[in-house]
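Subject: Structure handover

Hello,

Here is the structure I said I would pass on.

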Amino acid sequence: MKAKLDFSNIGLKKIDMYIIKKFLGTYFFSIVLILSISVVFDLTEKLDKFYDHNAPLKAILFDYYLNFIPYYMNMFSPLFTFIAVIFFTSKMAGNTEIIAILASGVSFRRMMLPYFISAAIIASISFTVGGYIIPPGNKKRLSFENQYVSSFKTDNARNVQMEVDKGVIMYIERFEVATNTGYHFSLEKFDGKKLVSRLTAESLTWDSAYHWKLSNYLQRDFNDMRETTKQGFSKDTTIKVKPEEFFITTQESAQMTIKQLSNYLKRQKDRGVGNIQGFEDEYYKRFSMPLAAFIMTLIGVSLSSRKVRGGIGLHLGVGLALSSLYILFSTMSTSFAVNGAMSPFAAVWLPNAVFLLIGIYLYNTAPK
């Protein structure tokens, strides 16, 4: 109540710091609380698998859970932001502190400033951690899961086709990682749309860097209507590709920094590889997720700044419903992007656009 905290006698800077401390304090408290519960549930679910695969305690703590916590913290950062705003703003509204702030001459728009400063801090942390710190940790976490929880990495690749250089198309019917050997290989070189040479081999084996060794090869060179051929048992050649590039799956995208993702997408597009929607989706999310902090803040303040019967309980119920819809909407749009039904850019940014409109509507209807 106003008697509790007389904002009319406090400078705006103190009001700002009061809201920022409340916001960030509640945000980090909700992270600790919810992720602690999540870790307990996850440990209960996976404890048998840890025991069956003889997972070392050190690996469980430092390779898995030390990277599990920041990954999911960043993934659900918009939800934590929303919960924090709803919780402490509803409490302020219930104590008529919002009325006191507005009655002291502070406009509703001006009152939003410390909220958006807090959202900017959260967005900056989310962008930096999600783009550069979490990806290296994901390598350890996913490697641990592959070894001690459930194996998801494959040991062979089929029907590999890509542009390894400008106008140079490579095809391998099957590649086995255990021996670094591929079978039924072809390498075609084009000058525009004109085929100038074709190199085929029964098998090829990776040596090092871009060095490959062909077995039972046939080289055909085309010059207008003339054709020259050369064949042999063994041939060393240079092909600008490495075996690990045949086994990159969408799970690898979470292990790449923003710069690595950008370079990978550019290289794959230059090669003509079409199945990169999952990587594009992850790349755009690195930018859209931090900005969601501002949208969730706008919705949360506009929704919970009004004193209503039911107080925090009602606001939290509505807030959790809206945040659940946001997560569901984001998941569905991601599925559309991966399946090719929608462009990854549109799929990632559509939830933000829709909920921004909801936020603007709630802001315009909020009591001022």
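**Asp16 and helix H1**

Asp16 has a relative accessible area of 12%, so this residue counts as buried. Please keep in mind throughout that the model is predicted. Asp16 is placed in helix H1. Setting aside neighbours within four places in sequence, Asp16 is in contact with Arg110 and Pro114.

Phe29 also belongs to helix H1, which spans residues 12–52. Phe29 is exposed because its relative accessibility is 56%, and the cut-off for exposed is over 50%. Between Phe29 and Ser124 there are 95 residues along the chain, and their C-alpha atoms are separated by 18 Å.

**Nonpolar cores**

The largest nonpolar core contains 29 residues, and those with the most contacts inside it are Ile19, Met111 and Tyr115. At least two residues of this core come from each of H1, H3, helix H4 (97–103), H5 and H7. H1 gives the largest share, eight residues. Not counting residues up to four places away in sequence, Ile19 touches Phe88, Met92, Ile101, Met111, Pro114 and Tyr115. Another core, of 20 residues, lies apart from this one; Val160, Val164, Ile239 and Phe247 are among its members.

Met112 is part of helix H5, residues 108–148. Met112 is buried because its relative accessibility is 2%, where the cut-off for buried is under 20%. Once neighbours within four places in sequence are left aside, the contacts of Met112 are Leu298, Val301 and Tyr363. Met112 and Pro136 are 24 residues apart in sequence, and the distance from C-alpha to C-alpha is 36 Å.

Ser90 sits in helix H3, which covers residues 77–94. With a relative accessible area of 3%, Ser90 is likewise buried. The side chain of Ser90 reaches the backbone oxygen of Ile86 at 2.7 Å.

The largest pocket has a volume of about 1,000 Å³. It is lined by 41 residues, of which Tyr71, Met75, Asp281, Glu282 and Lys285 are the closest to its centre. The elements giving two or more residues to this lining are H1, helix H2 (57–75), H3, H5, H7 and H8. H5 accounts for the largest share of the lining of the largest pocket, with ten residues. By class, that lining has 19 nonpolar, 14 polar and eight charged residues.

**Cavities**

Rolling a probe the size of a water molecule over the atoms shows where empty space is left. The count here comes to two cavities of 30 Å³ or more. The largest cavity has a volume of about 70 Å³. Its lining consists of Asp281, Lys285, Ser288, Met289, Tyr326, Ser330, Ser333, Thr334, Ala347, Val348, Pro351 and Asn352. Two or more of the lining residues come from each of helix H7 (277–304), helix H8 (311–338) and helix H9 (344–365). The lining of the largest cavity divides into five nonpolar, five polar and two charged residues.

**Two loop residues with positive phi**

Thr96 has phi near 60°, a positive value in a residue other than glycine. Thr96 is in the loop between H3 and H4. Its relative accessible area is 19%, so Thr96 is buried; the limit for that class is under 20%.

Ala209 has phi near 45°, again a positive value in a residue other than glycine. The loop that holds Ala209 runs between strand E4 (194–208) and strand E5 (211–223). Ala209 is partly exposed because its relative accessible area is 45%.

Regards

How values were computed
Residues are numbered from 1 along each chain as its sequence is written. This is a predicted model: local features need pLDDT of at least 70, side-chain atom pairs count only at pLDDT 80 or more; totals for chains, interfaces and linings use all residues. Side-chain values use heavy atoms; hydrogens and water are left out. Helices (H or I, at least four residues) and strands (E, at least two) are DSSP runs, numbered from the N terminus. Buried means under 20% relative accessible area, exposed over 50%, partly exposed in between (1.4 Å probe, protein chains only). Contact means heavy atoms within 4.5 Å. A polar contact is a pair of N or O atoms within 3.5 Å; within protein, one must be able to donate a hydrogen and the other to accept it, and residues adjacent in sequence count only if both atoms are side-chain atoms. On a 1 Å grid over the protein atoms alone, a cavity is a set of points where a 1.4 Å probe fits but cannot get out, and a pocket is an open set with protein on both sides within 12 Å along at least five of seven lines; lining residues have an atom within 4 Å of a point. Grid points are joined across faces, edges and corners, and a volume is the space filled by probe spheres set on the points. Ala, Val, Leu, Ile, Met, Phe, Trp, Tyr, Cys and Pro count as nonpolar, Asp, Glu, Lys and Arg as charged, and the others, Gly among them, as polar. A nonpolar core is a set of buried Ala, Val, Leu, Ile, Met, Phe, Trp, Tyr and Cys residues joined through side-chain atoms within 4.5 Å.
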